[in-house]
Amino acid sequence: MSVPCFLSAAARSFSLPCPTAGLLRYRVLGPGSTRRRNMSSKRQMDHLERTANNYRQNTLYPAQVCGITNESETVKRLRIAVHPDFTFKAGQWVDVFIPDVEKTGGFSMCSSPGLLQREGVVELAVKYTKHPPAHWVHTVCTVGSRVAMRVGGDFFFDPSPSDPSVDLLLVAGGVGINPLYSILLHTADLLHLNQASGGRDYNIGSAHLCYSARNTQELLFKSSITEVCQEFPDKFSCDLHVTQQSTDVDPHLLPFVNHGRITEEVLQKHVDPQRTLCYLCGPPPMIEAISKTLMDLGLPKDRILFEKWW
């Protein structure tokens with residue numbers, strides 16, 4: 001595969017493909033070197049501009065879509081085969097460079113690092129919008145489509161085997177579930193490792209997910225989330241909130257579903273200022289409101305980590 005024209009200007013060096021992978025790897029300049037156009041103050045910042053101060057890897061990896069499913073009526077889930085050297089931490093996002101699409105996509109991975117290790121793939125869940133990268137996913141992308149990806153983000157959960165345990169509180173709104181689902185799956189993988197080591201590695205505490213969407217149809221990954229909670233009932237729990245549910249809730253979801261927004265009373269049950277580490281992802285107004293509530297409940301600001309998606 002030749003160096004794509006949309007990468008050649010930024011590429012500093014590249015290595016030949018691994019014989020079994022058939023992929024190239026590109027070394028690129030940091031985000032500060034990105035060429036920018038003169039912008040009106042009224043224009044909304046794009047992903048690269050908004051995340052210019054965030055950590056990014058220096059390597060851009062070509063990748064290939066190997067599976068597409070409809071996660072909901074408005075969300076497509078991509079399964080993407082990546083280069084053997086591709087790595088990420090649970091909760092991080094990728095810059096996605098698409099041939100013939102001027103804008104760069106920014107999508108959180110919804111799969112775990114464990115899936116990457118086992119199968120050599122990552123997964124993205126992309127909601128339909130008219131923003132060019134998301135629009136491409138929903139209208140042009142097919143199995144076999146090639147893109148290039150670069151990992152970034154300071155929002156992740158990556159404990160070492162000897163770290164003291166913490167209790168995770170994961171709070172998601174809408175497609176803000178993506179990085180938190182990755183963290184939840186990663187925590188489940190670490191629990192399996194803990195069991196395999198006889199309790200010596202990865203002393204994982206509890207994890208509680210509060211996830212809000214308009215209705216159960218828009219609750220992504222709900223079956224997998226409830227399955228994880230049932231597999232580890234002493235470790236994992238979840239509250240699924242729906243704000244505009246107009247139909248009956250499926251019986252298997254009833255034990256987990258709450259009508260209405262995430263409230264202070266719901267959060268209070270899962271806040272211990274000494275042990276709780278909270279990850280938030282969703283629309284900015286939700287993040288700001290939940291953060292204030294958590295601090296009012298005594299959770300220190302440095303134990304509240306968030307990712308805002310606009």
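Biologist: Which residue in E6 does Trp93 stand opposite?

Modeller: Ser108. Bear in mind that this is a predicted model.

Biologist: Noted. How many bridges join E5 to E6, and do they run parallel or antiparallel?

Modeller: Four bridges, and the strands run antiparallel. E6 covers residues 105-108.

Biologist: What about E5 and E8, how many bridges there?

Modeller: Five, again with antiparallel strands. E8 spans residues 146-152.

Biologist: Which residue in E8 is the bridge partner of Val96?

Modeller: Met149.

Biologist: Which way do the E5 side chains point?

Modeller: Trp93, Asp95 and Phe97 point one way, Val94 and Val96 the other. In a regular strand, side chains alternate between the two faces of the sheet.

Biologist: And is E5 enclosed or open?

Modeller: Largely enclosed by the rest of the structure, because five of its five residues, 93-97, are buried. That includes Asp95.

Biologist: Switching topic. Where does Gln245 lie?

Modeller: In the loop between strand E11 (236-242) and strand E12 (257-259).

Biologist: What does the Gln245 side chain reach?

Modeller: The backbone nitrogen of Thr216, at 2.8 Å.

Biologist: Which other residues is Gln245 in contact with, leaving aside neighbours within four places in sequence?

Modeller: Besides Thr216, Gln245 is in contact with Arg214, Asn215 and His259.

Note on methods
Residues numbered from 1 in each chain as written. Predicted model: local features only at pLDDT ≥ 70, side-chain atom pairs only at ≥ 80, totals over all residues. Heavy atoms only, no water. Buried < 20%, exposed > 50% of the residue type's maximum accessible area, 1.4 Å probe, protein only. Helix = DSSP H or I, 4+ residues; strand = E, 2+ residues; numbered from the N terminus. Pairing = 2+ DSSP bridges. Polar contact = N/O pair within 3.5 Å; in protein donor to acceptor, adjacent residues only side chain to side chain. Contact = heavy atoms within 4.5 Å.
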